Amino acid sequence: MTKYIAGFGLSFAITSLFSAILVVLKETNQALLDWMKAATGHHWVTQGVLVITLFVALGLIFSNIKLDEKLDDRMMLTAIISTTIIGGLIIIGFYLIHI
Amino acid sequence: MAAEGIIMAHAAFGVLGILAGIWLFVDILNVNENNKGRIKYMSIAVAVFILLAYLLGGYWYVAFYGDDRGIITAGPWPWAHLFFMEVKEHLFFMLLLLSMYLPIVVHSNCLLTDKGSRNLVLTVAGLIVLLGLTMEGFGSVISMGVKMGLLGR
């Protein structure tokens with residue numbers, strides 16, 4: 001595994017969970033939702049900017065701290081699958097409850 | 001007319017991203033010296049198609065979706081917005097991030113010799129295809145929500 005696969009893989013895991021948690025936070029906190037609307041004109045656009053910026057920034061940071069020496073393909077695979085499922089369930093569960 | 005063109009392009013680029021993902025998945029299962037270069041191009045194609053679907057869908061959502069949302073929520077299928085649209089617009093970020101990650105995994109790996117790397121690419125591509133199909137399915141429910149709302153008027 002190279003440093004970029006490890007760095008951006010871990011970044012994906014963290015950012016996808018961050019994105020799911022941000023959905024719950026903005027939908028339950030009016031002040032946060034208002035700030036996100038004011039920041040770009042639309043809360044979803046702000047979320048997109050935050051998510052993409054965080055993914056790239058964390059990816060570059062993690063790529064330079066030799067994570068590839070501590071992580072292997074199996075660990076990365078587990079992290080990507082589990083955070084995709086958990087993040088997806090957080091979003092689906094939240095809107096199922098609030099439908 | 002512009003709105004219809006944008007939303008159709010959004011769906012079309014999504015489908016192209018899914019097809020490119022399937023293509024890459026099959027190529028990885030049969031990786032060899034001959035398709036090594038094509039796999040790299042296809043990983044970039046997936047990222048570009050999904051990015052275009054995101055940008056076009058995002059622009060349509062912000063600029064034009066408000067009227068449709070009113071029709072859906074006042075109609076017999078309000079959950080087409082309250083659940084399907086809300087989940088789609090937020091789940092899409094994971095699809096976008098995976099599509100950005102795919103070329104990094106493909107270009108940084110020695111796919112011919114490393115089975116672990118191939119499994120990682122297969123997983124990322126597989127998740128992209130699954131999430132992409134989910135997005136397409138949710139999009140059709142949202143369209144039906146608008147239709148049901150208009151029929152009920």
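User: Which residues do ring pairs link into a cluster?

Analyst: Heads-up: this is a predicted model, where local features need pLDDT of at least 70, side-chain atom pairs count only at pLDDT 80 or more, and totals for chains, interfaces and linings use all residues. Residues are numbered from 1 along each chain as its sequence is written, chains are lettered from A and ligands numbered from 1 in the order written, and side-chain values use heavy atoms, without hydrogens or water. Rings of Phe, Tyr and Trp (its six-membered ring) pair if their centres lie within 6.5 Å, with planes under 30 degrees apart called stacked, over 60 edge-to-face and the rest tilted. Ring pairs link up a cluster of A:W44, B:Y54, B:W60, B:Y61, B:Y65, B:F92 and B:F93.

User: How many residues apart in sequence are the parts that B:Y54 and B:F92 tie together?

Analyst: The whole structure has 16 aromatic pairs over all chains, and B:Y54 with B:F92 is a stacked one, at 6.1 Å centre to centre and 25 degrees between the planes. B:Y54 sits in helix α2 (residues 36–74) of chain B and B:F92 in helix α3 (residues 79–108) of chain B, so the parts they tie together are separated in sequence by 38 residues.

User: Is B:F92 buried or exposed?

Analyst: Buried means under 20% relative accessible area, exposed over 50%, and partly exposed in between (1.4 Å probe, protein chains only). B:F92 has a relative accessible area of 7%, so B:F92 is buried.

User: What kind of ring pair do B:Y59 and B:F64 make?

Analyst: B:F64 is partly exposed, at 31% relative accessibility. The ring centres of B:Y59 and B:F64 are 6.0 Å apart and the planes stand at 85 degrees, so this pair is edge-to-face.

User: Are α4(A) and α4(B) roughly parallel or roughly antiparallel?

Analyst: Helices are DSSP runs (H or I, at least four residues; strands are E, at least two), numbered from the N terminus. Helix α4 (residues 73–97) of chain A packs on helix α4 (residues 115–151) of chain B at about 10 degrees, with axes 9 Å apart. Axes are lines fitted to C-alpha atoms, for helices over the stretch in contact, and angles run from 0 to 180 degrees between N-to-C directions. Under 35 degrees counts as roughly parallel, over 145 as roughly antiparallel, 65 to 115 as roughly perpendicular and the rest as oblique, so α4(A) and α4(B) are roughly parallel.

User: Which residues of α4(A) meet α4(B)?

Analyst: On the chain B side you'll find B:G116, B:S117, B:N119, B:L120, B:T123, B:V124, B:L127 and B:L131. Facing them in α4(A) are A:D73, A:M76, A:L77, A:I80, A:I81 and A:T84.

User: Which three residues supply 21% of the area that chain B buries against chain A?

Analyst: In total, 32 residues of chain B are in contact (heavy atoms within 4.5 Å) with 36 residues of chain A. The two chains bury about 3000 Å² between them, 83% of it on carbon and sulfur atoms, where buried area is the accessible area (1.4 Å probe) lost on being put together, summed over both. On chain B's side, the trio that supplies more than any other three residues is B:H90, B:M94 and B:L97.

User: What share of the residues of chain B count as buried?

Analyst: Chain B has 4 helices and 0 strands, and its C-alpha trace spans about 60 × 25 × 20 Å along the principal axes. Chain A also has 4 helices and 0 strands, with 42% of its 99 residues buried. For the 153 residues of chain B, the buried share is 49%.

Key: Contact means heavy atoms within 4.5 Å.
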